[in-house]
Amino acid sequence: MPPLPNRKPTKRRSAADQDKIIVEALRGVGRPVSAYELIEQVRGQGVTAPPTVYRALQRLIDDGLAHRLESLNAFVACSHPHHANKAVFAICDACGTVTEFDSASAIKALQTWAKSAEFQVRSMSLELRGRCGRCVG
Ligand SMILES: [Zn+2]
Ligand SMILES: [Zn+2]
């Protein structure tokens, strides 16, 4: 067997580059987007393969730089990093505004329950659905 060439194809972007492109696209949009919309956003920047985008999103989620909104099947840039899998969201059904906030007490209560039930938490997604203050007022 000849040795594998270790030269990378020149057009290929590194995982770190892909993550940067994806997170910047998410921040730029400033609202939750579907993976499909995100792929459209980054198409011009050399990231086109859906599996690449999904893998980058998963890394960003694992690193706490992005979140998946389960009820919208969408992704959003984290507005306060360093809290992977512990975000709380309020989603307005009228205007679509998504507000991310911290609720240490709610998270603590759920973790306490999980511990007592010996349930190993892989991820936690808390989403409030309703109307934001602007839409109510
Ligand atoms: Zn966050
Ligand atoms: Zn609203």
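Q: Great. Is this predicted or experimental?

A: This is a predicted model.

Q: How many helices and strands does the chain have?

A: The chain has five helices and five strands. Along the sequence they come in the pattern α-α-α-β-β-β-β-α-β-α.

Q: And what share of the residues is buried?

A: Buried residues make up 18% of the 137 in the chain. As for contacts with a separation of 6 or more, 51% of them come from residues 24 or more positions apart.

Q: Let's zoom in on helix 1. What span should it have, at 1.5 Å a residue?

A: Helix 1 covers residues 15–29, so its 15 residues should span 21 Å at 1.5 Å a residue. Its end C-alpha atoms are 21 Å apart, which agrees.

Q: Which residues of helix 1 are buried?

A: Those are Q18, D19, I22, A25 and L26. Looking down the axis of helix 1, you'd see its buried residues within an arc of 135°, so they line one face of the helix.

Q: Which exposed residues sit on the face turned away from that buried side?

A: A16 and G28 are the exposed residues that this face of helix 1 carries.

Q: What covers the buried residues of helix 1?

A: The cover includes helix 2 (35–42) and helix 3 (50–62), along with strand 1 (66–69) and strand 2 (74–77).

Q: Take I22. Which residues is I22 in contact with, leaving aside neighbours within four places in sequence?

A: I22 is in contact with L38, V42, V47, V53, A56, L57 and L60.

Q: Nice. What follows helix 1?

A: G30 does, and its phi is positive, near 70°.

Q: On to helix 3. Which of its residues are buried?

A: V53, A56, L57 and L60 are the buried residues of helix 3. They cover an arc of only 100° around the axis, which puts them on the same side of helix 3.

Q: And what do they pack against?

A: The buried residues of helix 3 pack against helix 1, helix 2, strand 1 and strand 2. On the other side of helix 3, the exposed residues are P51, Q58 and D62.

Q: How far does helix 3 reach from its first C-alpha to its last?

A: Helix 3, with 13 residues, reaches 18 Å, close to the 18 Å expected at 1.5 Å a residue. Just after helix 3 comes G64, with a positive phi of about 80°.

Q: Now the core. Which residues of the largest nonpolar core touch the most other members?

A: That core has 20 residues, and I22, L26, L38, L57, A66 and F75 touch the most other members. At least two residues of this core come from each of helix 1, helix 3, strand 2 and strand 3 (88–92). Helix 3 gives the most to this core, with four residues.

Q: Changing topic: what is the strand order in the open sheet of three strands?

A: The order is 4-3-5, and the pairing is mixed. Strand 4 (98–101) and strand 5 (126–130) stand at the edges with a single partner strand each, so one side of each has no neighbour in the sheet. From one strand to the next, the twist averages 20°.

Q: Do strands 3 and 5 run parallel or antiparallel?

A: Strand 3 and strand 5 run parallel, joined by five bridges.

Q: Last one: which residue of strand 5 does C92 stand opposite?

A: C92 stands opposite G130.

Methods: Residues are numbered from 1 along each chain as its sequence is written. Chains are lettered from A and ligands numbered from 1 in the order in which they are written. This is a predicted model: local features need pLDDT of at least 70, side-chain atom pairs count only at pLDDT 80 or more; totals for chains, interfaces and linings use all residues. The expected span of a helix is 1.5 Å times one less than its number of residues. A residue is buried if 20 or more other C-beta atoms lie within 10 Å of its own, exposed if 12 or fewer, and partly exposed in between; C-beta atoms are placed from the backbone. The arc is that of the directions from the helix axis to the C-beta atoms. Two residues are in contact if their C-beta atoms, placed from the backbone, lie within 7 Å. A nonpolar core is a set of buried Ala, Val, Leu, Ile, Met, Phe, Trp, Tyr and Cys residues joined through C-beta atoms within 7 Å. Two strands pair if DSSP finds at least two bridges between them. Axes are lines fitted to C-alpha atoms, for helices over the stretch in contact, and angles run from 0 to 180 degrees between N-to-C directions.
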